[in-house]
Amino acid sequence: NIPLTIPEMTLPYTKVTTPMLRDFSLWERTGLKDFLKTTKQSFDLSVNAQYKKSKDYHSIPFPLGAVYDALSPNIDAVHQHFERGKGQMLDFLTKSYNEAKANFEKYKVETSLDKFPRTLRIPGYYIPVLNIQVSPFTAEMPAFGYMVPKEMSTPGFTIPGIGFSLPSYTLVLPSLEFPVLHLPTSLQKLTLPVFKILRPSDHIPIPAMGNFTYDFSFKSSVITLNTNVGLYNHSDTVAHFRSSSFSVIDA
């Protein structure tokens, strides 16, 4: 039972200042003296909470069939939009690749094979609730660089009076761009994965509430306290609460 003294301090990153705390006794101020006989008294504290999952489900009506009716006719339209977008993408990539190839060949610059990407593979997956199955997807991606050679010329000039002249120079310097270094031919045959929409049920299963129990026990030489709370899911929801205590008082 040693009183605590905490000096005044300012909390970091704030302007809040805590007051000084002098001769604060946990034994006196927190009520421990009412439960324990001495400051060296031991006690037992036990807390146990348990939840047991229920095997039952509740079925909630939900018009998932309407979602199926709305999505199913639009699958073909998605593929048509993809084909049009793929054509525009290939035109852009082909133009970038041809320009970069012409510059590299003109200035005899070799590209690194390490920059070429690997094949992208996406396994098939299932979208719950909407009941959609998607097939695996494989595509070889194009490779992009960061630099292309650019030709630059410095102007020539002559300083009058002293006859000093500097000729024009042509330099080939790297220019920051994102050219296409490798354009796989398989992109022309690239297609979307197959989307298979299964007709879902018009009900969503929701797990039923399980059983929840909570036990609290406190034991010391002065007082013993036991508390039990239970929430059970039977035909109706049933709640139980039990508490008991006894104490020993020296006359």
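## Surface and composition

Of the 251 residues, 18% count as buried (under 20% relative accessible area, 1.4 Å probe, protein chains only).

This is a predicted model, in which local features need pLDDT of at least 70 and side-chain atom pairs count only at pLDDT 80 or more, while totals for chains, interfaces and linings use all residues. Residues are numbered from 1 along each chain as its sequence is written, and side-chain values use heavy atoms, without hydrogens and water.

## Secondary structure and sheet

The protein has three helices and 21 strands (DSSP runs: H or I of at least four residues for helices, E of at least two for strands, numbered from the N terminus). Four of the strands form an open antiparallel sheet in the order β5-β19-β20-β21 (strands pair if DSSP finds at least two bridges between them). β5 (44-52) and β21 (237-247) each have a single partner strand, so one side of each lacks a neighbour in the sheet.

Strand β20 (residues 223-233) is joined to β21 by 11 bridges.

## Nonpolar core and contacts

The largest nonpolar core consists of seven residues: Leu-90, Leu-93, Phe-137, Ala-139, Val-180, Leu-187 and Leu-190 (buried Ala, Val, Leu, Ile, Met, Phe, Trp, Tyr and Cys residues joined through side-chain atoms within 4.5 Å). At least two residues of this core come from each of α3 (75-106) and β10 (137-140).

Beyond its neighbours within four places in sequence, Leu-187 is in contact with Lys-86, Leu-90, Leu-93, Glu-140 and Pro-142 (heavy atoms within 4.5 Å). Among contacts in the protein between residues at least 6 apart in sequence, 62% join residues at least 24 apart.

Definitions and conventions:
Buried means under 20% relative accessible area, exposed over 50%, partly exposed in between (1.4 Å probe, protein chains only).
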